[in-house]
Amino acid sequence: MLELDPRDELLCLRSAEPLSESAGMVLPGIAQASIFRKETMEELHRDLARENVASVYSRGTNPTVRVLEHTLAGLERGEACKCFASGMGAIGATLFGLLKAGDHVLFVNDIYGPTLELARRLEDFGVSHDHVLATDMEAIGAAFRDETRIVFMESPGSTLLHRLDIAAIARLARERGALSVIDNTVATPLLQKPIELGVDLVIHSCSKYIGGHSDAIGGALIGSGELVERVFYNAYMLMGAIMPPLEAFLFLRGLMTLPTRIRRHHEDALAVAKHLDHHPAVARVFHPELAEDGGARPEGWRGHSGLFSFELAEGGFAGAVAVANRLRLFGNAVSWGGAESLVITGHKSDPVRAPGNAPRVPAGLLRLSIGFEGIDALTGDLDRALAS
Ligand SMILES: Cc1ncc(COP(=O)(O)O)c(C=O)c1O
């Protein structure tokens, strides 16, 4: 069985205790308030000077959101956390909050598409970027520039699921005077701890496994108190992409079952991936724990969650669309991390093939998010869809 840190299991279950103990509630109340009155004007003035931690106005700090922030900071072993309206809210505020004209950002590995679109938008404000797809340290080192201020990585990436040597990249960033940032959404806070590997800031889209039920959108940024505070005052308060208290409640509820869900996602996805790995209609499976992509187990890695991809042996993009349409148990949907299994093709239209230059994401790629329908039911559905 997937081994998780026992401290995390308790933290996920008991996160809400300090706030809700007195009322005997398992989860904190939803503090549905925009403002918080203070006894005196002096108290108000004092809290206005520390709006990143004190409840003054819910665009800054809200008590229910604060419980989630404490919990996520604890799970990621960071000093501080700020929660956002979405993962993109966290990514946007981090880049806006820490960069200025003349700076350069280095993106490494598969990067979520809208993150790169945002980077292209930042070019208009004098922030340049490069994107390195290779995962070897030589290629990554060569892409640094004197002006590189942030190295932004995803590991595992969310399409081809390649893993990076996170500790080595964080070390290199530090040596070169840059901050390291990781989008840790695929691994969740349970399966790898980037801050323990030397990474400065960790980002999550809570909309996936943390919520776990495909019913809430949110994001989080975790790191040192100093860095999170800089993002808070430079971007969070100014851009207003805040997490509402109801969402914080839903994410705290999601966290209570995260360890149990992640164990099941891990086991079932690995079993389905192994099944497909031996299937004659499948050219290749992209799963971090299968031999071809596995490589060395990164430091601190506990296992993989429920997201992986595979490439059809024949049929290309049209074949992938046809297989997706034949699947009955996998919903055609974006995103991942919920209780129900999902499928999406790697492309939205047939990728144009320049001669001798195959697209990095194969045309016949399908990405699966494995839910809880059961291994036999899911492999049976896949076998049927792949047979026709
Ligand atoms: C890896 C990754 N990071 C970030 C995001 C953005 O998160 P959100 O949709 O919560 O803005 C996504 C969304 O799909 C994602 O897949």
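View 1. Thr188 has a relative accessible area of 1%, so it counts as buried (buried means under 20% relative accessible area, exposed over 50%, and partly exposed in between, with a 1.4 Å probe and protein chains only). Its place is in helix H9, residues 188-191 (helices are DSSP runs of H or I with at least four residues, strands are runs of E with at least two, and both are numbered from the N terminus). Phi of Thr188 is near 60 degrees, a positive value in a residue other than glycine. A word on what you are looking at: this is a predicted model, in which local features need pLDDT of at least 70 and side-chain atom pairs count only at pLDDT 80 or more, while totals for chains, interfaces and linings use all residues. Residues are numbered from 1 along each chain as its sequence is written, and side-chain values use heavy atoms, with hydrogens and water left out.

**View 2. Arg77 also has a positive phi, here in a loop.** Although Arg77 is not a glycine, its phi is about 60 degrees. Look for Arg77 in the loop between helix H4 (63-75) and E1. With a relative accessible area of 21%, Arg77 is partly exposed.

**View 3. Ser155 and Pro156 are joined by a cis peptide bond.** The omega angle of this bond is about -5 degrees. Pro156 belongs to the loop between strand E4 (148-154) and helix H8 (166-175).

**View 4. The ligand sits in the largest pocket**. Here a pocket is an open set of points on a 1 Å grid over the protein atoms alone, reached by a 1.4 Å probe, with protein on both sides within 12 Å along at least five of seven lines. A molecule sits in a pocket if more than half of its atoms lie within 2 Å of the grid points. Around the ligand there are 13 residues, and the closest are Gly87, Asp183, Ser205, Ser207 and Lys208 (a residue is near a molecule if one of its heavy atoms lies within 4 Å of it). Helix H5 (residues 87-98) gives the largest share of this shell, three residues. By type, the shell holds four nonpolar, six polar and three charged residues (Ala, Val, Leu, Ile, Met, Phe, Trp, Tyr, Cys and Pro count as nonpolar, Asp, Glu, Lys and Arg as charged, and the others, Gly among them, as polar).

View 5. Lys208 places a polar side-chain atom 2.6 Å from an oxygen atom of the ligand. For Tyr112, an N or O atom of the side chain is 3.5 Å from a ligand oxygen. A polar contact is a pair of N or O atoms within 3.5 Å; within protein, one must be able to donate a hydrogen and the other to accept it, and residues adjacent in sequence count only if both atoms are side-chain atoms. Of the 390 Å² of accessible area that the ligand has on its own, the protein covers 91% (Shrake-Rupley method, 1.4 Å probe).

**View 6. The side chains of His304 and Ser309 reach backbone oxygens**. His304 is found in the loop between helix H12 (291-294) and strand E9 (307-312), and is buried at a relative accessible area of 1%. Its side chain reaches the backbone oxygen of Leu307 at 2.6 Å. Ser309 is found in strand E9, where it is buried with a relative accessible area of 0%. The Ser309 side chain reaches the backbone oxygen of Thr159 at 2.6 Å.

**View 7. Leu252 is a buried residue of a helix**. Helix H11 (residues 245-277) contains Leu252, whose relative accessible area is 0%. Leu252 and Leu13 are 239 residues apart along the chain, and their C-alpha atoms are separated by 8.7 Å.

**View 8. Lys82 is a buried lysine in a strand**. You will find Lys82 in strand E1 (residues 80-84), with 3% relative accessibility. From C-alpha to C-alpha, Lys82 and Arg297 are 30 Å apart in space, and they are 215 residues apart in sequence.

Key
On a 1 Å grid over the protein atoms alone, a cavity is a set of points where a 1.4 Å probe fits but cannot get out, and a pocket is an open set with protein on both sides within 12 Å along at least five of seven lines; lining residues have an atom within 4 Å of a point.
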